[in-house]
Amino acid sequence: MKKVITGDHAVAIGARLCRVEVVPAYPITPQTLIIEHIADFVNDGEMDTKFLTMESEHSVMSAAAAASAAGARVFTATSSQGLAFMHEMLYSTAPLRLPVVMANASRTLASPPGIWCEYNDSMGARDSGWLQLYVEDNQEALDMVIQSYRIAEDKRVLLPVMPCLDGFVLTHTVEPVEIIQQEDVDSFLPPYSPDITLDPARPAMIGTFMPAEYIMELRRQTALAVESAKKVIREINDEFARRFGRNYGGLIDTYQMEDAEVALITMGTVTSTSREVVDDMRKAGEKVGLVKLRFFRPFPSEELRKALSGVSAVGVFDRSISYHGGGPVFNEVRSALYGSTLPVINHLAGIGGRDVTKEQIIKMFEITLKAAKGEKVNMINWHNTRGETV
């Protein structure tokens, strides 16, 4: 069955299909519609879920962690300032190995205030132990909520997962989305069955004060779980593709990379526009390709090195800025390619929600092509900005 729905609606349906048991919620634009749809499902008897209206995002994640520790399948959603407000509790949820799934509607982070799409909100949480993925369209948003629970609850992982969707570009824009039948989701996603839960009949504590003799081992365990997620993500992607016919590639997806001389790495909705640019430039005789970075944590270093092994230069799109030289994706890609002589060129665009057009993406490719030929170009390029720009 297909419905023409927003990305927020798709995420809410995904949560309903996963039979989540607890949803602590606090509204914030452009995430609010996710919570409103879930509230409607609960009110209409379509969702057997404990819906908790909290007083802040900090309380939301506190309740989410507590419910997950008690053995419930938990979902929530947030955005921008809300994600920043719950920042403290993000760092508690992952080391406690609680498989919460939280959708983030990517939105600019103040100051100055803004409500449009950029990735500075989620990128700031990249070292919290949460797995992070970025979806391209509303269908992927629904499908990845379902896959996120399989990944999060796998005993080799047991970590929270943050599917990120572009604010307004997806959250408030309608597209045809195929809704998977409930019985098929039930077959793909079994009920959550944790080994250890908080139970009044067996008093215990978690997240208590820990001396220095043990904290380093805990950090290493979390790091190993993040790395273990790579194999799980690939397995679940392949199983989902066999069952439902949609293959997202796992950690990354590639397009026209077989003989590409240069590549552009993209995330989120810009990927769709970039594919059109690749087709247009291919028709003009330019051997360009595209790598869609789906997961930012775990970062797919090995997969990127393999995908880029045949190119002469790579451009990296960033919809956020680290303020220490380029964007966070750019710096992660450079680290992944350490030891390589491959030129890596950063392209900053779309920050604050500004449109990223085909003309800008063509310019990204043109600059990267020059780098491939050995011409001198700027390592960091700001696109469509006032004043000095490219």
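Glutamate 46 is partly exposed, with a relative accessible area of 45%, where partly exposed lies between buried, under 20%, and exposed, over 50% (1.4 Å probe, protein chains only). Please note that this is a predicted model, in which local features need pLDDT of at least 70 and side-chain atom pairs count only at pLDDT 80 or more, while totals for chains, interfaces and linings use all residues. Residues are numbered from 1 along each chain as its sequence is written, and side-chain values use heavy atoms, with hydrogens and water left out.

The partner of glutamate 46 is arginine 16, in a salt bridge whose closest N and O atoms are 3.2 Å apart; the term denotes a side-chain nitrogen of Lys or Arg within 4 Å of a carboxyl oxygen of Asp or Glu. Arginine 16 is buried, at 18% relative accessible area. The structure holds 23 salt bridges.

I turn now to helix α9, residues 212-244. Helices here are DSSP runs of H or I, at least four residues, and strands are runs of E, at least two, numbered from the N terminus. Which residue forms a salt bridge with arginine 150? It is glutamate 239, the closest N and O atoms being 3.0 Å apart. That pair links helix α9 with helix α7 (residues 138-153), 89 residues apart. Both glutamate 239 and arginine 150 are buried.

Glutamate 239 also forms a salt bridge with arginine 243, at 3.1 Å between the closest N and O atoms. Because these two residues are four apart in helix α9, about one helical turn separates them. Arginine 243 is partly exposed, at 41%.
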